[in-house]
Amino acid sequence: MNTLHRRDVLAGMGSIGLAGVSWPAMAQGTPTSGGTLTIGINDDTKTLDPTFSIQQAERQILHLLYNTLLTIDVDFSLKPELAKSWTVENDGKRYVFQLQDNVKFQDGTPFDAAAVKFNFERRLDEKIASPQRTQLAPIIDSVEVLSPLSFAINLKNPSPGLLAELADRVGFMISPTAAEKYGKDLGTNPVGTGAFKLKQWTQGTELTLERNPNYWESGKPYLDTIVFKANPNTAIGVQRLMVGEIDYIYGLQPDALRQLGDKPGIKTEKSKIGRWYTYEWQVDKPPFDNPKLRQAIAHAIDRDRLNQITMEGQATIANGPIPSGLWWSSPDNVVYPYDVEKAKKLLAEAGIAPGTEIPMWTTPTPVDRRLNQLVAEQLAAIGLKINIIPAAISDFYSRQVSRAINFSITNWTQRADPDGLLFILFHSKGFANVTGYNNPKVDELLASGRVTQDRERRKQIYAEIKDQIMRDLPYIPIFFAAEFAGYNSKLNGVVWMPDNHPRFRYAWKVK
Amino acid sequence: MAGFILRRLMWFLPNAVILTFVLFAAVTVWLGSPAAMMLGRDASPAAIAEINTVYGFDLPTWQQYLRWIGAALTGDFGRSYASHQAVSAMILPAIPITLELTAWAILLALVTSLGLNSLAVGRHVIGVLSSGFSIVGITFPNFMLGAILIYVFSVKLGWLPTAGWIPWQSGVIDHLTHLIMPVLTLFAYYFGSFSMIYRAEYRAVDQQLYVRVAHSKGLSPTRVSFRHILPNAVLPVVTFIGISIGRLVGGAVVTETVFSIPGLGRLFVGAIASYDFPVVLAMGMIVLTSVMICNLLADIVLASLNPQIRL
């Protein structure tokens, strides 16, 4: 029996014209049209075909070339974009979407439900082998075209997390005509419905986008041209900003503030939610299978000091994997304040003799190295000798996954749905579960959070999960890092989203 | 001469097969399956298994290699694992860029090192300067020199753009201003090494009888230096150039990275780091080809400069 959940119906915010995206802009004022925005990025752009895109740097460009079905707000709430409204039916096993009218792809072909179905089938096609396939195939049963402007997705099991994916890579809508015409070369010949078209691309150096005059959100975009320039490293990028060669650069460490802080014509902005820096260790074997040892170490780390030294005090201390400011954030109920005496006591209770050696692995990244050295000092103060082992960054993550690395600092960016990060890290079968953490209660909670529709109920579930994780300590959360963007003060309208990708679509420049 | 060239070229194909097989085996055995790289941080075991099947990464090494060489011999170098672009489409635009950078740097180094070092006879100051520069050129790390040039000429003086590459068509002046610092960075090392080789040979040639004859005929030291010593002392430099160009086509990686130049070196290193085997193998072929051709050309030039060499 189909049930329509009224409380889940989201009315479209106006039909033609404004796409209900009301991101808080970086400055107030009336947008002026025209101009060129030059952005510095690190050179990771390999393909502009969302089907295959995995590099972080590509995402900001994809949001300009394409639109997504849904979009996110600054607390990861979901908002309409190409889909102007949707309803949840059949206890969460069916979503019905209404699409924006009068939207055309940049090659002139119409955007309609058939195009949406084509896009889903492309992601699910075994021969195409999109990296998104293995995630979608267990969830999506079929996609139905109901009318030219509406379609439905039938799921195998309820999966509210799918909607968040429609605001990300899965949701970028590619022109079916272009996909058929270019085949594998779509990566260099992107065709979407987006506000900007690809003008020119010298891989590894520069990418130029020009305004799409037929863009469906009337009056937008404001800029004529957007240029992405590759910087070999942030130091050069900062210099380029200072001499005016670029207008915007992000991903800067707090020490960049010192360079940019008082330069006329340049402003800085802090990321709303930083990367989650945390220590991970294998809790299913010695020495870290000893809960008192884990608690001792948690109390022995002075996170304020780590924050002061590595992040100039700009980071937010983390007491769990969930930052504040998201719709599923919850109070920090289980905390481990810095307490050397308590740490020593717990260490004794754990039965660990002073002077015991513990190996720790580190990448060459300066932030990681500094954190590890500070932590090693702090643990030495309670009698643990940390032996720091350097490891290459290129295979660091895969060595963590293969359990070759035990006890290291790691960092994660938030995903748009709570299930996104928490399941893969903390479920006993999560594929990023490098700690061997296995708590049946948490498994149960994660599984139910995955299929529950009601947002309030989900919020409670994830709050419980967070508390339990902090009791079990498969990770020691340190902080949510502070990252900065530096930009030309003439620039407005850039929104740096909590998924760490700035949105440039509605940016404008004062003349 | 024709026979010599032909015999050299005959070795190309067997060398190519051996080199690419060794390269292929090395990357697949040591680096492993590229599947995890192609999937990024979302690599789940299921996804990795699928990619392994679709791309054949779970086949034995020799079988994967045969697939590759079979296609390569017909000119099809496959598609990049990262961008899915045709490998030839990725490499072809980068070739003229690296070639131009290399040509400028080597030409400049050749002219200045031969010129300065030959001019140094009797001119103490030039000799000291030239020695000084060559030591700096050889010992100073590439990236440091590049960063210093950027800091001085771009950030502080604002005379030159920091990085990037502008093609000729978009403006000759722009193209040249973007070229200056990368070429200087690359040139420094070659100035140093050409100078050292040249000066060593120069001293040896200087002892020769014909040089003393030239002096006793009353020719000026400068004329003797350029007209009689240089053509003879230049021979080892020619050999060294042949070797250098061959290697440089593998790309001046550090310089290209510091200055964001879309050349072959950056492509090569980027491909290795992201386990993009089709690109790595195609680049291997390119380096092999250019080394062979440049060595061959160097030998031919030597033979024409020195009639005593029989090919």
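This is a predicted model: local features need pLDDT of at least 70, side-chain atom pairs count only at pLDDT 80 or more; totals for chains, interfaces and linings use all residues.
How many nonpolar, polar and charged residues are in the lining of the largest cavity? The lining has 6 nonpolar, 5 polar and 3 charged residues.

**The largest cavity**

- Across the whole structure, a search finds 5 cavities of 30 Å³ or more.
- The largest cavity holds about 70 Å³ of space.
- Its lining is made of 14 residues. Those nearest the centre of the cavity are Ile41(A), Thr45(A), Trp201(A), Gly204(A) and Ala230(A).
- Three strands of chain A each supply at least two residues of this lining: S8 (196–202), S9 (206–211) and S10 (225–231).
- The most is given by S10(A), which contributes 3 residues to the lining of the largest cavity.

**The second largest cavity**

- About 60 Å³ is the volume of the second largest cavity.
- From chain A, Phe52(A), Ile54(A), Ala129(A) and Pro131(A) line this cavity. From chain B, Met38(B), Ile51(B), Tyr81(B), Ala82(B) and His84(B) line it as well.
- By class, the lining of the second largest cavity has 8 nonpolar residues, 1 polar residue and no charged residues.
- Ile51(B), one of the lining residues, is also one of the buried residues of helix H4 of chain B.

**Strand S19 of chain A**

- Strand S19(A) spans residues 484–488 and is mostly covered, with 5 of its 5 residues buried.
- Phe484(A), Gly486(A) and Asn488(A) point one way from the strand, while Ala485(A) and Tyr487(A) point the other way. Residues on both sides of S19(A) are buried.
- Strand S11 of chain A (residues 248–252) runs antiparallel to S19(A), and 3 bridges join the two.
- Strand S12 of chain A (residues 266–270) also pairs with S19(A) in the antiparallel sense, over 5 bridges.
- Tyr487(A) takes part in both pairings: Tyr248(A) stands opposite Tyr487(A), and Lys267(A) has Tyr487(A) as its bridge partner.

**Helix H4 of chain B**

- Helix H4(B) covers residues 45–55, and its buried residues are Ala47(B), Ile51(B), Asn52(B) and Tyr55(B).
- Seen down the axis of H4(B), these buried residues fall within an arc of 140 degrees, so they line one face of the helix.
- Pro45(B) and Thr53(B), on the other side of H4(B), are exposed.
- The cover over the buried residues of H4(B) includes helix H3 (133–136) of chain A. From chain B, it includes helix H3 (35–39) and helix H5 (61–73).
- Gly56(B) follows H4(B), and its phi is positive, near 80 degrees.

**Val17 of chain B**

- Val17(B) is found in helix H2 of chain B, which covers residues 12–31.
- Is Val17(B) buried, partly exposed or exposed? Val17(B) has a relative accessible area of 34%. Buried means under 20% and exposed means over 50%, so Val17(B) counts as partly exposed.
- With neighbours within four places in sequence left aside, Val17(B) is in contact with Tyr65(B) and Ile69(B).
- Val17(B) and Gly284(B) are 267 residues apart in sequence. In space they are 11 Å apart, C-alpha to C-alpha.

Conventions: Residues are numbered from 1 along each chain as its sequence is written. Chains are lettered from A and ligands numbered from 1 in the order in which they are written. Side-chain values use heavy atoms; hydrogens and water are left out. Buried means under 20% relative accessible area, exposed over 50%, partly exposed in between (1.4 Å probe, protein chains only). Helices (H or I, at least four residues) and strands (E, at least two) are DSSP runs, numbered from the N terminus. Two strands pair if DSSP finds at least two bridges between them. On a 1 Å grid over the protein atoms alone, a cavity is a set of points where a 1.4 Å probe fits but cannot get out, and a pocket is an open set with protein on both sides within 12 Å along at least five of seven lines; lining residues have an atom within 4 Å of a point. Grid points are joined across faces, edges and corners, and a volume is the space filled by probe spheres set on the points. Ala, Val, Leu, Ile, Met, Phe, Trp, Tyr, Cys and Pro count as nonpolar, Asp, Glu, Lys and Arg as charged, and the others, Gly among them, as polar. The arc is that of the directions from the helix axis to the C-beta atoms. Contact means heavy atoms within 4.5 Å.
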